[in-house]
Amino acid sequence: MNYDIAFRFNQALDTSALTTIDGALHGVTAAIEDCRRAGKRAEHDPAVLLLLRHLGGIAATTGADDSALRNACFDNVRELRRHPILTTLALRGVAYDSDGKKLFHSEGRRALKALSDALGYDRGDYDLRANQGGIAVSGEITLHSDEAYIQLSCNGRGGEIMYRRCRGRNDYTGERNHHAAMREVTTPSTLAARICRDLRLETPTIDGRLVA
């Protein structure tokens, strides 16, 4: 059953308590939720529109002009590209951090898929699986082919990439373990070449040329 309340209108008429971006944004989202419950469109609700304008006013007084803010965004993008998120997560760990752990697993799977391409694998040449583990650990993401077992973890101590030669996809112990830092997975072709060298695997080629 739809229902409406006067709270958002009163808050829009007196925004003196909404002095921060966080507080004003909460007021906007609460007003939009009230509209949803009332079966009304937020785009035409006077309270929502007033609260949005108040939020914009706070943003205008707490930031620089648009060009400066855009330049700052570009600077942050360039900095983040220099320090990929997997490297950052590996440095600080994700224990007891559910959001960080979720991000580690999604980005880890993406990184291992890129590594599989660099190794010259087709999708049917390997299994890609994940073990979430408990809240105190990162869990692992594993790429397991007929000849290589490669695993990412995020323990905050270095050596987050473990790889070893194996004999088929039912071999979970394999030969001697090798380790590399998480930053190396961000350059998959270089890591693939290292894995092939250490595990004595055939080096993948592209158009007949060896991958460096």
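Predicted model: local features only at pLDDT ≥ 70, side-chain atom pairs only at ≥ 80, totals over all residues.
User: Which strands are joined to E2 by bridges, and in what direction do they run?

Analyst: One looks at the bridges that link a strand to its partners. Strand E1 (residues 126–131) runs antiparallel to E2, and six bridges join the two. Within that pairing, glutamate 140 of E2 stands opposite asparagine 131. Strand E3 (residues 148–152) is also antiparallel to E2, with four bridges between them. Here histidine 144 has tyrosine 149 of E3 as its bridge partner. The link from E2 to E3 is a hairpin of two residues.

User: Which residues touch the most other members of the largest nonpolar core?

Analyst: In soluble globular proteins, nonpolar side chains tend to be buried together. The largest nonpolar core in this model has 30 residues, and those touching the most other members are Phe104, Leu112, Leu115, Ile150, Ile161, Val185 and Ile195. Two or more residues of this core come from each of helix H5 (85–92), helix H6 (98–118), strands E1, E2, E3 and E4, and helix H7 (188–199).

User: What do the buried residues of H7 pack against?

Analyst: The 12 residues of H7 should span 16 Å at 1.5 Å a residue, and the end C-alpha atoms are 16 Å apart, in agreement. The buried residues of H7 are Leu191, Ala192, Ala193, Ile195, Cys196 and Leu199. They pack against H6, E3, E4 and E5.

User: Where around the axis of helix H2 do its buried residues fall?

Analyst: H2 (21–38) has the buried residues Ala24, Gly27, Val28, Ala31, Asp34, Cys35 and Ala38. They lie within an arc of 120° seen down the axis, so they line one face of H2. Asp22, His26 and Arg36 are exposed on the other side of H2. H1 and H3 are among the elements that cover the buried residues of H2. After H2 comes glycine 39, with a positive phi near 75°.

User: How does helix H3 (residues 46–62) compare with its expected span, and which of its residues are buried?

Analyst: The same reading applies to H3. Its 17 residues reach 25 Å from the first C-alpha to the last, close to the 24 Å expected at 1.5 Å a residue. Ala47, Val48, Leu51, Leu55 and Ile58 of H3 are buried. These residues cover an arc of only 95° around the axis, which puts them on the same side of the helix. The face of H3 turned away from that side carries the exposed residues Arg53, Ala60 and Thr61. The buried residues of H3 pack against helix H1 (7–13) and helix H2.

User: Is aspartate 45 buried or exposed, and which side chain does it join in a polar contact?

Analyst: Aspartate 45 sits in the loop between H2 and H3 and counts as buried because its relative accessible area is 4%, below the 20% cut-off. Its side chain and that of arginine 8 are joined by a polar contact of 2.9 Å. At the start of H3, a side-chain oxygen of aspartate 45 also comes within 3.1 Å of the backbone nitrogen of alanine 47. Not counting residues up to four places away in sequence, aspartate 45 touches Arg8, Phe9 and Cys35.

User: Where is glycine 174 placed, and what is it in contact with?

Analyst: The loop between strand E4 (161–165) and strand E5 (178–180) holds glycine 174. With 31% relative accessibility, glycine 174 counts as partly exposed. Aside from neighbours within four places in sequence, glycine 174 is in contact with Arg164, Arg165 and Cys166.

Technical notes: Residues numbered from 1 in each chain as written. Heavy atoms only, no water. Pairing = 2+ DSSP bridges. Buried < 20%, exposed > 50% of the residue type's maximum accessible area, 1.4 Å probe, protein only. Contact = heavy atoms within 4.5 Å. Expected span 1.5 Å × (residues − 1). Arc of directions from axis to C-beta. Polar contact = N/O pair within 3.5 Å; in protein donor to acceptor, adjacent residues only side chain to side chain. Core = buried A, V, L, I, M, F, W, Y, C linked by side-chain atoms within 4.5 Å.
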